[in-house]
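Biologist: I would like to go through this model with you. Could you put it on the screen?

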Amino acid sequence: MDKAFFINIMKEIFLKYPAERDIVFILGAGASHPDGVPLKKDILPYILSGKNSEITDSVIGKEVIQFITENFDFDISLENYPNLEAVFGYLDYFIYNNQSLSSYYSQTKLQIIREYLIKLVHHAVNLHTDKEHTAYHNFWKRVLYHTRNFSIITLNYDTLLEQAFEEYFKTTGFIDYSIPLMNYEKTDVLKNFNFWVNPNQPVIVEHEVDPVPFKILKLHGSLNWKYCNCCNQTLLTPWDRHIDLNKGKFLGYTYPENERYEYSCPIDNTDFQTLIQPPSYTKVMDQPVLTQLFSEAARELRVARHLVFIGYSFSSSDVHIKALLKKNYKKEINITVVNNRINKKLKSKYAAISKEIKFLEITMEEFISDNRYFNDIFN
Ligand SMILES: [Zn+2]
């Protein structure tokens, strides 16, 4: 391209955030469910029911099913399963108290089982994420019609929200995950991963557009983040979210040949770990990337003019979210809760945060299909 021509049509800009945020959204499982992501309560039945041969025939699946069978009572015919928080809580008890369960289930073995179970959760959540995602598509459309000054705190691992942003990329804005990514480093070994734009550095865009950054804070991690515990860095692989359930390795696919390969850290060749925080009654927040995201979320909550919760039901394993909210939001701001099932129990959980909450008993689709709800927020 001619250099003068390039200068005429492109410009270099800094992406900036205003001092306050019009809305901070807090998304729970109910937001991703319409687009096919299973609810937390459906994940263990899916793993244990024996209906999915990809799981039952795999090394990882067999180990996890054996562990749960030996340690929990469940009945497939009665559809009576343990809950996921209880299984992770039980594993965490041994791991964090430095105890083994038996000669076979040593502490190291339990750590492996825990990581295996996380990989099965990852597998189950990822199952339908290649399909259409209309709910999030409409979410972006509706919100962007009203404002570009908002951020999103999500407790979901799936990547549907980001996938639905694709059409707005560069022209409307850039996604800011607010964590340092290996993808930003301009070294030779990482040059194949430099495609992800760092919103904290100047960006080159077309002259007529005026993009802004959007923070998406994934407090429980993400299916497309791969963590290396050797160099302590995270690699973002937006399109690769598959896991080999026999070897436990993350899988990538070459383009355009679509040939499968196994991921390992480009810097030190270490196997990647998942970067998702599973639900557990024993809450230990010691993952450095996620700890950093909590501080970022605290900052967003402090500058929010309005909080909108969508499909979030405050599960009893989410004490850390309650603590985050209680400590950081400004007491005078407006709070709206969108949930398709609002009962006394849910209201009481939210009442612990604030007494002044507007409850809308509607689905996310209904909320984003009607301008009225957003007009109310901005009035
Ligand atoms: Zn590494």
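Biologist: Which residues is Val 64 in contact with, leaving aside its neighbours within four places in sequence?
Modeller: They are Ile 47, Ile 113, Tyr 116, Leu 117 and Leu 120. Two residues are in contact if their C-beta atoms, placed from the backbone, lie within 7 Å.

Biologist: Before we continue, what kind of model is this?
Modeller: This is a predicted model, in which local features need pLDDT of at least 70 and side-chain atom pairs count only at pLDDT 80 or more, while totals for chains, interfaces and linings use all residues. Residues are numbered from 1 along each chain as its sequence is written.

Biologist: Which residues touch the most other members of the largest nonpolar core?
Modeller: Val 64 is one of them, together with Val 24, Phe 25 and Ile 310, in a core of 84 residues. A nonpolar core is a set of buried Ala, Val, Leu, Ile, Met, Phe, Trp, Tyr and Cys residues joined through C-beta atoms within 7 Å. Buried means that 20 or more other C-beta atoms lie within 10 Å of a residue's own; exposed means 12 or fewer, and partly exposed is in between.

Biologist: Which helix gives the largest share of this core?
Modeller: Helix H7 (residues 107–126) does, with eight residues. Helices are DSSP runs of H or I with at least four residues, strands are runs of E with at least two, and both are numbered from the N terminus.

Biologist: And which domains does the core draw on?
Modeller: At least three residues come from each of domain 1 (18–37 + 131–378) and domain 2 (40–126). These bounds come from an automatic or database domain assignment.

Biologist: Turning to the whole protein, how many helices and strands are there?
Modeller: There are 14 helices and 15 strands. Of the 379 residues, 35% are buried.

Biologist: Which residues other than glycine have a positive phi?
Modeller: Among them are Ser 178, at about 60°, and Asn 232, at about 55°. Most residues other than glycine have a negative phi.

Biologist: Is Ser 178 buried or exposed?
Modeller: Ser 178 is buried, because 20 other C-beta atoms lie within 10 Å. Its place is in the loop between strand E4 (173–176) and strand E5 (203–206).

Biologist: And Asn 232, buried or exposed?
Modeller: Asn 232 counts as exposed, because it has 10 C-beta neighbours inside 10 Å. This residue lies in the loop between strand E7 (221–228) and strand E8 (233–236).
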